[in-house]
Amino acid sequence: MKIYNTLTRQKEEFVPLEPGKVKMYSCGPTVYNYAHIGNLRTYIFMDILRKTLKYNGYELQSVMNITDVGHLVSDEDEGEDKMIKGAREQKKTPWEIAEFFTAAFMRDIETLNIEKPDIIPKATEHIPEMISFVLELVEKGFAYETSDGIYYDISKFPGYGKLSRLNLEEQIAGARVEVNEEKRHPADFALWKKAPKEHIMQWESPWGMGYPGWHIECSAMSRKYLGDRFDIHTGGVDHIPVHHENEIAQSEALLGHPAANYWMHGEFMMVDNGKMSKSLGNTYTIDDLKAKGFKPLAFRYMCLNAHYRNKLNFTWDGMQAAQVAYERFLEGALQHREGSSAIPKDVQDSFLSDFEDAINDDLNVPRALGVAWNMVRYPEKSKDIYDLLLKMDTIFGLGIKDAKNGEEDQPQLDAEIERLIEERQQARREKNWKLADEIRDKLKDMGIELMDTPQGVKWKKR
Ligand code: AMP
Ligand code: ZN
């Protein structure tokens, strides 16, 4: 299996630390609001990676954190904590919104067939681990205290910038106007912040009451659950220059060696070729898609059509096209379920090996999906093909097994029509003509025509 390692900027053969096992850490959501479709694209990428590792027979241990403290509005230690800002805007406590949006996130990932990672630790439940991590960095001389916190001294870590390949001047140019004059270097970052009295989220520490920086949580929690060395670390591309650079600096300084061997990053989703942002009103959620009649799995299908290292542009027309294609794909797969043709073994083998070559080539899911489409379109209908598609769907996660064709939906639909007709009859008996007409119109919208006959009401499809 080959994967692209951001650290080396190369596709590399994946070699786990321990044969047959993979330890993986993924940066998780900051739970101050609903996840938007861009966030969810990144979690679909992580899910495809996990499913591909399992498909290849690896025993996987995966961890994804929940950020419920410390992620400031700007990645450069500035502005308010996103949780506190979100809580104030929603007139709740940070703990209330964390609980609410964590539950919403779990529902979203379930509807997208994203498997839950094995361990989902919350930052606020790991404050002691973070404090001892910071203490060790101070003891080792990698951190210093200022009047408002404990900062990491990047001049002590020669490898700083190796992931983003930015030199320090570029890092500084990218950073916001410097406000903290006590920092030794503008790119030094907060490990721990001292809290003013009115700060809602604060904990006791050797430096008085305070709260952790955002980056320290991932270093501390990955170490706690995966140990000093693990295989793969994932996140979105926006994490490369600050969050992951800082995580590397923290972990390597403390451990004396790298923690993660492979760093993988998912590219961004754009909307109408631009950035997603609240001010543009284009940070759509899964519920927004559902409200417009789109199936969450049609969104997953859309994501699978772009390689995870390419930008994906979301438009409503594109979403519509994806839903149509997704439904055709399922219908095509179902035609094979009842098929009785036998497909030669070598044809089956070549489909499967093309699929495996694609997914093992740095998760080339668009190519793998192309193979599946060739199978769907195969002229002979065959259960063999259906079974192969089910196997592939352990990675695609498109719900082929649960798909129903129109005929299977029919008995349910018929029962619904009968129920509405009976309701209309009841309304007429009660001389509620308005309701009776409403029900007739509703049935009309469903394509059902009613005929009053001496034997009662009959119906037919138009
Ligand atoms: P957050 O909840 O802000 O910490 O972000 C959660 C995840 O979504 C992170 O891995 C980000 O890298 C990722 N992310 C944020 N915006 C986008 C986007 N437009 N497209 C894809 N991923 C994104
Ligand atoms: Zn992280």
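1. The model is a predicted one, in which local features need pLDDT of at least 70 and side-chain atom pairs count only at pLDDT 80 or more, while totals for chains, interfaces and linings use all residues; side-chain values use heavy atoms, without hydrogens and water. Residues are numbered from 1 along each chain as its sequence is written, and chains are lettered from A and ligands numbered from 1 in the order in which they are written.

2. Helices (H or I, at least four residues) and strands (E, at least two) are DSSP runs, numbered from the N terminus. Both Cys 27 and His 243 are buried, a term that means under 20% relative accessible area, with exposed over 50% and partly exposed in between (1.4 Å probe, protein chains only).

3. Parallel sheet. An open sheet is formed by four strands in the order E4-E3-E11-E12, with parallel pairing; two strands pair if DSSP finds at least two bridges between them. Strand E4 (59-64) and strand E12 (260-266) stand at the edges with a single partner strand each, so one side of each has no neighbour in the sheet. From one strand to the next, the twist averages 20°. E3 and E4 run parallel and are joined by six bridges; Lys 23 has Gln 61 in E4 as its bridge partner.

4. Helix on the sheet. Helix H6 (residues 214-226) packs on this sheet and touches E3, E4 and strand E11 (230-236), its direction making about 155° with that of E3. Axes are lines fitted to C-alpha atoms, for helices over the stretch in contact, and angles run from 0 to 180 degrees between N-to-C directions. Contact means heavy atoms within 4.5 Å.

5. Surroundings of ligand 1. Of the 16 residues around ligand 1, those that come nearest are Thr 30, Gly 38, Thr 42, Asp 238 and Met 269; a residue is near if one of its heavy atoms lies within 4 Å. A nitrogen atom of ligand 1 is 2.7 Å from an N or O atom in the side chain of Thr 42, and a nitrogen atom of the ligand is 2.8 Å from a polar backbone atom of Met 269. An oxygen atom of ligand 1 lies 3.0 Å from a polar side-chain atom of Asn 39.

6. Leu 40, in helix H1, counts as buried at 0% relative accessibility. Its contacts beyond four places in sequence include Phe 105, Ile 109, Leu 112 and Phe 299. Glu 267, in the loop between E12 and strand E13 (269-271), also counts as buried, at 17% relative accessibility. Among its contacts beyond four places in sequence are Arg 41, Tyr 308 and Lys 311.

7. Strand E1 (residues 2-5) and strand E2 (residues 10-13) run antiparallel and are joined by four bridges. Asn 5 stands opposite Gln 10 in E2. The hairpin has four residues between its strands, and Arg 9 in the turn has a positive phi of about 55°.

Methods: A polar contact is a pair of N or O atoms within 3.5 Å; within protein, one must be able to donate a hydrogen and the other to accept it, and residues adjacent in sequence count only if both atoms are side-chain atoms.
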